[in-house]
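Here are a few notes to go through with the model open beside you.

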Amino acid sequence: MPVPFRGSTIDVAAQRAYASWMARQPIAGVAVWAHTGRGPHLSADQRRVVLEEWRAALPGKVIVAGANGPIMARDAKRGGADALLAFPQRENAVVYHDELSQELPVIAFSLYEAAGGVNYDDKALHGILSLPGVVGIKVATLDSIMTFQRIAAVMRDHPDKLLITGEDRFLGYSIMMGAQAALIGMGAALTDLQASLLRTFAAGDHDAFLRLSTQLDAFSQATFIEPMEGYIRRMLWALAADGVIPDDACDDPWGPHLPAAEREAVRRAVREARVR
């Protein structure tokens with residue numbers, strides 16, 4: 001979940017409206033403090049406010065909190081999070097995941113390196129997935145289908161663990177490759193369409209799955225583009241275009257400047273997705 005900002009201040013009213021809207025969507029839960037939510041950049045007080053708002057709005061849903069170490073993990077547990085999304089760490093990766101799992105169940109995170117992630121090799125993956133406190137792995141390669149395929153193959157040795165897609169730019173294919181859930185930045189907006197994508201695949205409704213995959217591919221091509229760090233602001237723009245948050249609650253203090261033409265492209269992509 002991105003955080004609505006006005007300048008460098010969280011717009012709490014917009015945050016509350018967003019959480020209320022998301023509570024009506026067909027979701028299993030949300031992720032806060034993750035990359036899309038600028039977790040490591042937020043102050044401890046800002047993280048507390050964000051988690052409190054989501055916990056209050058979603059009392060019966062799962063809340064996953066991003067964590068890059070024991071401090072964030074403990075704060076997440078105190079705030080009522082149900083699980084952790086472990087920001088990638090190259091050194092002592094297995095020990096790192098094990099330590100986090102002492103606080104809450106952990107979802108590992110294979111993130112493309114340009115976003116500060118780690119492409120864990122097979123040995124590291126097996127070690128991480130063998131930990132009893134690790135429930136699965138989110139895979140976000142951005143554009144490396146081969147990496148996703150490799151990790152999906154590793155998962156066959158860990159049938160009790162979840163393969164979770166974070167692949168905004170090839171969402172439909174990642175589900176075809178065995179992803180059992182989606183935890184994606186793109187899911188912050190047009191959430192109902194993406195939930196329908198998973199449901200239609202599970203139901204074997206291939207015509208509907210293909211139609212939805214085409215719609216969402218078009219949306220991703222307007223939001224997950226260079227500069228890639230701009231996607232967070234673009235997702236806020238998409239929420240505003242869908243009437244969820246105000247037009248002026250779409251700042252991302254850590255993101256790049258984006259031209260007005262990009263905002264219009266996002267608005268158009270939301271409109272087109274809704275009318276198809």
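Helices (H or I, at least four residues) and strands (E, at least two) are DSSP runs, numbered from the N terminus. This is a predicted model, in which local features need pLDDT of at least 70 and side-chain atom pairs count only at pLDDT 80 or more, while totals for chains, interfaces and linings use all residues. Residues are numbered from 1 along each chain as its sequence is written, and side-chain values use heavy atoms, with hydrogens and water left out.

1. **The largest pocket.** A pocket is found on a 1 Å grid over the protein atoms alone, as an open set of points with protein on both sides within 12 Å along at least five of seven lines; a cavity is a set of points where a 1.4 Å probe fits but cannot get out, and lining residues have an atom within 4 Å of a point. Grid points are joined across faces, edges and corners, and a volume is the space filled by probe spheres set on the points. The largest pocket has a volume of about 870 Å³. Its lining counts 41 residues, with Gly29, Ile164, Ala182, Leu183 and Ile184 nearest the centre.

2. **Who supplies the lining?** Which element gives the most to the lining of the largest pocket? Helix H8 does, with 4 residues. Elements that each supply at least two residues include E3, strand E4 (62–67), strand E6 (106–111) and strand E7 (134–140).

3. **Helix H10.** Please look at residues 231–241 next. Buried here means under 20% relative accessible area, exposed means over 50%, and partly exposed lies in between (1.4 Å probe, protein chains only). Of the 11 residues of H10, 10 are buried, so the helix is largely enclosed by the rest of the structure. Among the buried ones are Tyr231, Arg233, Arg234 and Trp237. With contact taken as heavy atoms within 4.5 Å, the buried residues of H10 pack against helix H1 (12–22), helix H9 (206–223) and helix H11 (260–275). After H10 comes Gly243, with a positive phi near 80°.

4. A salt bridge is a side-chain nitrogen of Lys or Arg within 4 Å of a carboxyl oxygen of Asp or Glu, and the structure holds 18 of them. One joins Asp252 to Arg38, with the closest N and O atoms 2.8 Å apart. Asp252 is in the loop between H10 and H11 and Arg38 in the loop between strand E3 (29–32) and helix H2 (44–57), so the pair ties together parts that are 214 residues apart in sequence.

5. **Partly exposed salt bridges.** Asp242 pairs with Arg274, the closest N and O atoms being 2.8 Å apart. This pair links distant parts of the chain, with Asp242 in the loop between H10 and H11 and Arg274 in helix H11, 32 residues apart. Asp242 is partly exposed at 26%, and Arg274 is partly exposed at 34%. Arg6, Asp11 and Asp248 are linked in a network of salt bridges.

6. **Aromatic pairs.** Rings of Phe, Tyr and Trp (its six-membered ring) pair if their centres lie within 6.5 Å; planes under 30 degrees apart count as stacked, over 60 as edge-to-face and the rest as tilted. The count comes to 7 aromatic pairs. Phe148 and Phe170 have ring centres 6.0 Å apart and planes at 85°, so they are edge-to-face. Both Phe148 and Phe170 are buried. Phe224 and Tyr231 are stacked, at 4.6 Å centre to centre with 25° between the planes. Tyr18, Trp21 and Trp54 form one aromatic cluster.

7. **The cavity.** By the grid rule there is 1 cavity of 30 Å³ or more, and the largest cavity has a volume of about 30 Å³. Its lining brings back some names from the points above: Arg38 and Asp252 are among the lining residues, as are Ile232 and Leu236.
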